[in-house]
Amino acid sequence: MRIVKKSKEINSLFNSIKSSGFIPTMGSLHKGHEFLIMKSKQQNNVTFVSIFLNPKQFNYKKDLKNYPSNITNDIKICKKNKVDYLFIPSFKEVYSWKTYKKKFPKIKNIMEQKFRSGHFKGVLQVIEKLSDILPAKRIYLGEKDYQQLKIIKDYFSINKIKIKIIKCKTIRDKNGLALSSRNKLLNFKNITKASKLINYIKKVKNKKNSASSVTRLIKKYLKQNKIKFDYVKCINLKSFENSKKNSLKFRIFIAFYLNKVRLIDNV
Ligand code: AMP
């Protein structure tokens, strides 16, 4: 595995690499990231992983400061999974990039866009540059960050960027909790609380409840269990808007807090 720190070094690889897969991450890698890497290994000759903890994606300095980071372990995980190139640009390197040359998709003011203003602008800044410099044919993104996936898809589409987006399922632990770097900030009690909530959401969804009942029941559960939340939404994936009240076809999105750690998931 080769560790690359400068975009210039990547540029020099452009001509020799034909089929490559790319997994952008913020580090603190777990089995969810490993699943994306495995998918890329199956479909490409060369796999790139990037690690960049982007401050522009964080609304609060404290959240950025507390975000788990373990680069030594990340390198080990990438080596174990036979990643070919690990791109770890410095803050200086990234902020010297001139970006925002391309069109921005219209981002609906719901969920992460509403509660974390500027977050997706930060995501697209990095994606714009990385998709310019990395010789990628396919990019691997997790459904765990469904709204992000949708926005990157729209962004590629309006800018006619020819990188194929491979949507990957959310990897969960044995109790149903979506793996997330932020889970490392939770104690056992809160991990259990989070898994119970996700299992409750799955149960409510499996009972074929309408969108309005699902939202009502989940909000009631959150209140009863004293779990703070930013939103609970039933979203129609075609329009990417609130699903009709009586609809049975929707995906449930949630952002909630346990011990001040903010988790997102969708079912
Ligand atoms: P992050 O490092 O959290 O920015 O995530 C990098 C990529 O990994 C994103 O495309 C995420 O959606 C994806 N990802 C994060 N957690 C999981 C998970 N539990 N299962 C599958 N993909 C994930």
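Which helix and which strand each supply at least two residues of the lining of the largest pocket? In this predicted model, they are helix H3 (61–66) and strand E10 (261–266), where helices (H or I, at least four residues) and strands (E, at least two) are DSSP runs numbered from the N terminus. Residues are numbered from 1 along each chain as its sequence is written. Because the model is predicted, local features need pLDDT of at least 70 and side-chain atom pairs count only at pLDDT 80 or more, while totals for chains, interfaces and linings use all residues; side-chain values use heavy atoms, without hydrogens and water.

The largest pocket has a volume of about 460 Å³. A pocket is an open set of points on a 1 Å grid over the protein atoms alone, with protein on both sides within 12 Å along at least five of seven lines, and lining residues have an atom within 4 Å of a point. Its lining comprises 15 residues, with Tyr 60, Asp 63, Tyr 257, Lys 260 and Arg 262 nearest the centre. H3 contributes the largest share, three residues.

Two cavities of 30 Å³ or more are present in the structure, a cavity being a set of grid points where a 1.4 Å probe fits but cannot get out. The largest cavity holds about 920 Å³ of space. Among the 50 residues that line this cavity, Met 26, His 33, Lys 144, Asp 145 and Gln 148 are the closest to its centre. Helix H7 (119–133) provides the largest share of the lining, six residues. The lining divides into 26 nonpolar, 15 polar and nine charged residues.

The space taken by the ligand is the largest cavity. Elements giving two or more residues to the shell around the ligand are strand E2 (20–25), helix H2 (31–43) and strand E5 (138–142), and H2 gives the largest share, three residues. Of the 16 residues around the ligand, Met 26, His 33, Asp 145, Ile 171 and Leu 179 come nearest, a residue being near if one of its heavy atoms lies within 4 Å.

Polar contacts are pairs of N or O atoms within 3.5 Å. A polar side-chain atom of Asp 145 lies 2.6 Å from a ligand oxygen atom, and a polar backbone atom of Met 26 is 2.9 Å from an oxygen atom of the ligand. A ligand nitrogen atom is 2.8 Å from a backbone N or O atom of Ile 171.

Key
Polar contact = N/O pair within 3.5 Å; in protein donor to acceptor, adjacent residues only side chain to side chain. Sits in = over half its atoms within 2 Å of the grid points. Points joined across faces, edges and corners; volume = space filled by probe spheres on them. Nonpolar A, V, L, I, M, F, W, Y, C, P; charged D, E, K, R; others polar.
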